[in-house]
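Subject: Structure for you to look at

Hello,

Here is the structure I promised to pass on. Please open it beside this email, and I will walk you through what I found.

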Amino acid sequence: MNYKEHKSEPFWWGMFSQGGVIAALLIPIHIFLCGLAVPLGLIDPELLSYERITALLQNPLVKLYLCVLLIFPLYHAAHRIRFTLAEIGLHSLAKVLPVLCYGGALAGTAVVLYILWVLL
Amino acid sequence: MSDLRTIKITVLRYRPEEEDEPTEQTYEVEFRDDWVVLDALNHIKDHIDGTLSFRWSCRMGVCGSCGMMVNGEPKLTCAAMLRDYYPNEMHVEPLVNFPIVRDLVTDMTDFMDKLKAVKPWIIREEEKPVSEGEYLQTPDQLKDYKQFSQCINCMLCYAACPVYGLEHDFVGPAAIALGHRYNLDSRDEGNQQRQHVIASKEGIWECTYVGECSVVCPKHVDPAEAIQQTKVATTTNRLKSLVMPWGNKK
Amino acid sequence: MMLDSETTKTYTRPISKAWWLRDRGHFNRRYFMFLLRELTSVFVALYVVIFTYEIFLLTKGPDAHAAFQESLRSGPFIVFFVIALLFALYHSWTWLGLTTKMQAAGRGLVKIGTKTLPPIFIALGSYGAWIVATCVIAYLFLTL
């Protein structure tokens, strides 16, 4: 076997682990607040009203926070999905999966940036 | 004697000159309370069926020769008590993920090649003459790698690793942990000679941290953590060399 | 024992495709929990997609936003978010726990001077950061 140090894997793994930390720290509370607490009426639905949210999004710090929250976990998920698909039966696609998964994360990054900094 | 009990042991047999696929054979073994699975296999070979083949040597969890699948889990058979499985039937099979040579004996060539590839010995850029004395090390420096140096090359971790089962090119838990062990040794200067193997596509990046290698390790080496630590170190070094390309290349 | 693979007839048992459920007749709970751990990433991705869509709807005006908020009250969405929350919590729990395990082996990740920082500090730090982040976000969300 001719071994060669891999140059791009550390980058993807680094993004994966950054995203893993951000997802671990931030996502449960976001799911609870926006996905359950407001829809179930546990807290005031006005908290997610159009006026309040659009006003919040005027603040560039809020936009920056949302970029971090939405972009890094995409790479985390892409990395895990890439390997899990190979492990549960798509091992023959091991060369294509990184392109599809990381490609998806890159596309997602572009969409998030476009919505937050161009459309809004 | 009153403490004799009988246990049924089904053993995987493979005799390449007679059959194309492995078969099973069940033996009934009278055992004493302090018998391990290896005792039962030796009893079978000595008293019931001399044709059964298996590897063993030290009988005390040091040589790493007697690893087998016991009821589906990789175990050193010298450390698996029969009484823990009684009164259920037992299944003993060769370590999975390795080619079977005969009965319970597997071909370990692949592991040996990978072990050699990570150069698990102390590498110096320049050896100092014996007259200058030993390479000294503090207790704290010893502690850095001691846990990873306990490996007995029993290969239970390779049998436990689904990643290795799916991708035989994976360098695998024990070999990477041993490379890591020498990289962490204050006397060693061979990091660069191992990195292209350890940080290759087939090295650490293939691992998805299932963690079963560390669960089955009879010596608590914790290869899973050795691999993750190497991923962290390799990623930070790569980042450092991108941010500060003028920095120390070592 | 080194073998000449050309002349020796060996037999290799293939790993089962569903090895995380059952491999060669045996179920290993840890393999199954591993797969659940990896599956959390699918819910992370779905959450990001839904949340991004919610933000996108803001560009379509108050009515589009209100309509989607209304549909979030429906049964299927509630069930989905309950499951997503459980998976997200499982991700947090396992991710932060594994950081601690990495510190506990050999040299660990963080050294203070010549000593490895006791892993309990990594545990307190990571689970503590989780609790603090959760409280800060909840506070800001409710008061900003």
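Chain B is divided into two parts, domain 1 (5–106) and domain 2 (109–243). Please keep in mind that this is a predicted model. The C-alpha centres of domain 1 of chain B and domain 2 of chain B are 30 Å apart. Where they meet, 13 residues of domain 1 of chain B are in contact with 12 residues of domain 2 of chain B.

Which elements give two or more residues to the side of domain 1 of chain B that touches domain 2 of chain B? They are β3 and β4 of chain B. The largest share, three residues, comes from β4(B). Sorted by class, that side of domain 1 of chain B has eight nonpolar residues, four polar ones and one charged one.

- With strand β4 (residues 73–76) of chain B, β3(B) pairs in the antiparallel sense over four bridges. B:G67, for instance, has B:L76 as its bridge partner in β4(B). The two strands form a hairpin with two residues between them, and B:N71 in the turn has a positive phi of about 50°.
- With strand β5 (residues 90–94) of chain B, the pairing of β3(B) is again antiparallel, over three bridges. Here B:M68 has B:P94 as its bridge partner in β5(B).

The other residue I would like to show you is B:Y145, which sits in helix α3 (residues 139–146) of chain B. Why does B:Y145 count as buried? Because B:Y145 has 22 C-beta neighbours inside 10 Å, and the cut-off for a buried residue is 20 or more.

What does B:Y145 touch, if residues up to four places away in sequence are not counted? Within chain B the list has B:R181, B:L184 and B:D185, and from chain C it has C:G106 and C:R107.

Happy browsing, and do write back with any questions.

Best wishes

Key: Residues are numbered from 1 along each chain as its sequence is written. Chains are lettered from A and ligands numbered from 1 in the order in which they are written. This is a predicted model: local features need pLDDT of at least 70, side-chain atom pairs count only at pLDDT 80 or more; totals for chains, interfaces and linings use all residues. Two strands pair if DSSP finds at least two bridges between them. A residue is buried if 20 or more other C-beta atoms lie within 10 Å of its own, exposed if 12 or fewer, and partly exposed in between; C-beta atoms are placed from the backbone. Two residues are in contact if their C-beta atoms, placed from the backbone, lie within 7 Å. Domain bounds come from an automatic or database domain assignment. Ala, Val, Leu, Ile, Met, Phe, Trp, Tyr, Cys and Pro count as nonpolar, Asp, Glu, Lys and Arg as charged, and the others, Gly among them, as polar.
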